[in-house]
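The sequence and structure come first.

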Amino acid sequence: MIRQDAHRIDPKRRAVIDHKKRQFAVPIYKQQEYPHRLNFYETPPTAEITLEQFEQWAIDRLKILAEIEACSYRNKSPAETATYITPLLQKFLPLSSNTSSSNGANDSRLKNERQKDHYSHFILRLAFSATEDLRRRFARAETMLFRFRFQNDDSREKRAFIDSLSLDWEPVSDFERTEVAESLASSTPGLRRVDEETWYKVDWEKVPELIEKRSVYLKKGKAYVPGREQLSMIMAEFTARLERALELTSRALPRLDEDDRLTPILNHLSKNFGSAESVYSEGEGYVDGAPITASSIDQLAQQHFPLCMKSLHGNLRKNNHLKHFGRLQYTLFLKGIGLSLEECILFWRQSFKGKTDDEFNSQYKYNIRHAYGEVGGDVNRRGKGYTPYSCQKILGDSNPGIGQTHGCPYRHFSVDNLVGFLQATGVNDKETLRGVREDVGKQRYHIACNRVFESTHKNEIKKVKEDGTWSQTDLDTIVHPNTYFKRSFLLKQMARAPKDS
């Protein structure tokens with residue numbers, strides 16, 4: 001019977017669903033449209049982009065999310081965060097409104113901006129779905145970014161976007177509003193008149209912020225929310241949908257057959273969520289005109305070096321020696337701030353007072369020249385040598401063993417030893433030290449380092465902000481020891497410079 005029924009199937013219909021023909025069909029995807037500036041990121045992108053776009057777009061978005069998270073960790077107010085984030089968004093992830101587009105060129109720019117925003121979100125979603133901690137941090141940072149954009153969006157565009165979401169908000173009728181008017185008035189802080197608001201009934205789980213503040217009326221599992229609290233409802237909806245999507249992505253990860261070229265990029269992104277590490281460019285930590293010589297290192301170390309390099313320098317001066325990994329970390333840092341190869345060799349020769357010239361030349365000189373690219377067979381480095389270690393590289397390396405002094409003091413020192421070392425270097429502000437303890441306890445090592453920098457340079461930072469010498473992008477989170485040095489040196493120089501008459 002089954003066979004007879006099968007013969008009765010319309011042959012044309014059978015051809016349409018023939019799995020063999022469908023198996024080798026070329027998929028044709030609909031081009032993604034972006035009618036709104038805001039996005040709930042419900043539809044994955046399907047169009048092709050280059051590998052360079054894939055990586056660069058994700059890195060740019062990661063910089064924004066890392067800075068947003070850093071603002072939260074530093075307890076910056078919403079206004080301070082907005083001031084800090086706005087120029088960074090304009091630089092790395094601009095997103096114009098529809099009203100800004102008035103001609104074809106602007107239309108193209110607007111589409112490109114929204115495509116980058118859309119793709120970069122999904123790339124990072126894929127990278128940060130592997131663990132519960134990454135999913136939680138990603139959802140939190142994305143929610144903060146969405147909140148910022150929502151609050152700054154044009155009112156008409158915001159309304160059109162909300163209408164497109166088909167949210168499950170049940171309007172409260174005039175009759176029901178009158179019935180519960182007294183309860184609404186007593187449960188909603190700051191309410192003048194109940195009948196002046198548009199009210200919605202939503203499941204109470206969708207407005208956790210309002211429940212926590214005890215600012216809504218609850219009845220039979222429903223929260224009665226006034227229209228002016230629209231932001232809380234939208235944010236709760238955005239977070240809930242993103243968390244569900246991240247969970248689904250996490251379950252699908254083991255079954256994904258990723259391109260081998262993408263896997264290392266995704267792994268690199270997820271490992272660098274804490275610091276948004278960027279590729280170090282040659283000369284990034286170099287200050288034109290700075291007196292970088294072997295004889296100036298002692299003074300520079302005291303005034304401008306980050307704690308990791310101060311620790312290495314202090315141990316070098318104390319013991320007249322550093323072990324291999326400490327020497328390599330410090331040599332590359334000195335190279336990055338502009339110390340020439342000749343001066344670097346002189347610096348280490350003078351520091352190793354217990355070694356003869358023959359011992360120094362045979363045991364240490366070659367490694368210094370190799371770090372600078374003067375010798376060695378690594379053609380990929382094209383004679384430039386190794387690049388200075390970033391914070392992420394230093395944090396990710398193995399813990400220093402007995403007698404070794406490389407690494408990051410914020411991670412590798414005990415908290416008491418760390419605080420004692422900070423105090424010995426002149427950091428005595430109680431609030432700063434309390435914040436460092438908290439940061440280290442929560443493994444926010446780069447935030448602790450930035451906290452110390454801001455404390456020890458607060459007067460200089462205030463000056464360049466007030467006189468407009470530096471923009472906010474010049475003061476983004478430090479994620480490289482050489483950036484720490486360069487920013488410290490420049491700030492101190494500006495502070496000493498005489499005012500224009």
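A residue is called buried under 20% relative accessible area, exposed over 50%, and partly exposed in between (1.4 Å probe, protein chains only). Helices (H or I, at least four residues) and strands (E, at least two) are DSSP runs, numbered from the N terminus. The model is predicted: local features need pLDDT of at least 70, side-chain atom pairs count only at pLDDT 80 or more, and totals for chains, interfaces and linings use all residues. Residues are numbered from 1 along each chain as its sequence is written, and side-chain values use heavy atoms, with hydrogens and water left out.

**Sheet**

Strands count as paired if DSSP finds at least two bridges between them. An open sheet of 4 strands has the order S1-S2-S4-S3, with antiparallel pairing. Strand S1 (170-171) and strand S3 (217-219) are the edge strands, each pairing on one side only. Strand S2 (residues 199-203) is joined to strand S4 (residues 222-226) by 5 bridges, while S1 and S2 pair over 2 bridges. Tyr200 in S2 stands opposite Pro171, and Tyr200 also stands opposite Val225 in S4. Of the 5 residues of S2, 4 are buried.

**Salt bridges**

A salt bridge is a side-chain nitrogen of Lys or Arg within 4 Å of a carboxyl oxygen of Asp or Glu.

| Pair | N to O distance |
|---|---|
| Arg241 and Glu42 | 2.5 Å |
| Arg135 and Glu247 | 3.9 Å |
| Arg159 and Asp163 | 3.3 Å |

Arg241 and Glu42 form a salt bridge. This pair links distant parts of the chain, 199 residues apart: Arg241 is in helix H12 (residues 230-252) and Glu42 in the loop between helix H3 (19-23) and helix H4 (51-73). Arg241 is buried at 14% relative accessible area. Arg135 is buried at 15%, whereas Glu247 is partly exposed at 32%. Arg159 and Asp163 are 4 residues apart in helix H8 (residues 155-164), separated by about one helical turn. Arg159 is partly exposed at 36% and Asp163 is exposed at 52%.

**Backbone angles**

Most residues other than glycine have a negative phi. Asn320 has a positive phi of about 55 degrees and is found in the loop between helix H15 (307-319) and helix H16 (324-336). Gln443, with a positive phi of about 60 degrees, lies in the loop between helix H22 (430-441) and helix H23 (445-456). Asn320 is partly exposed at 29%; Gln443 is exposed at 60%.
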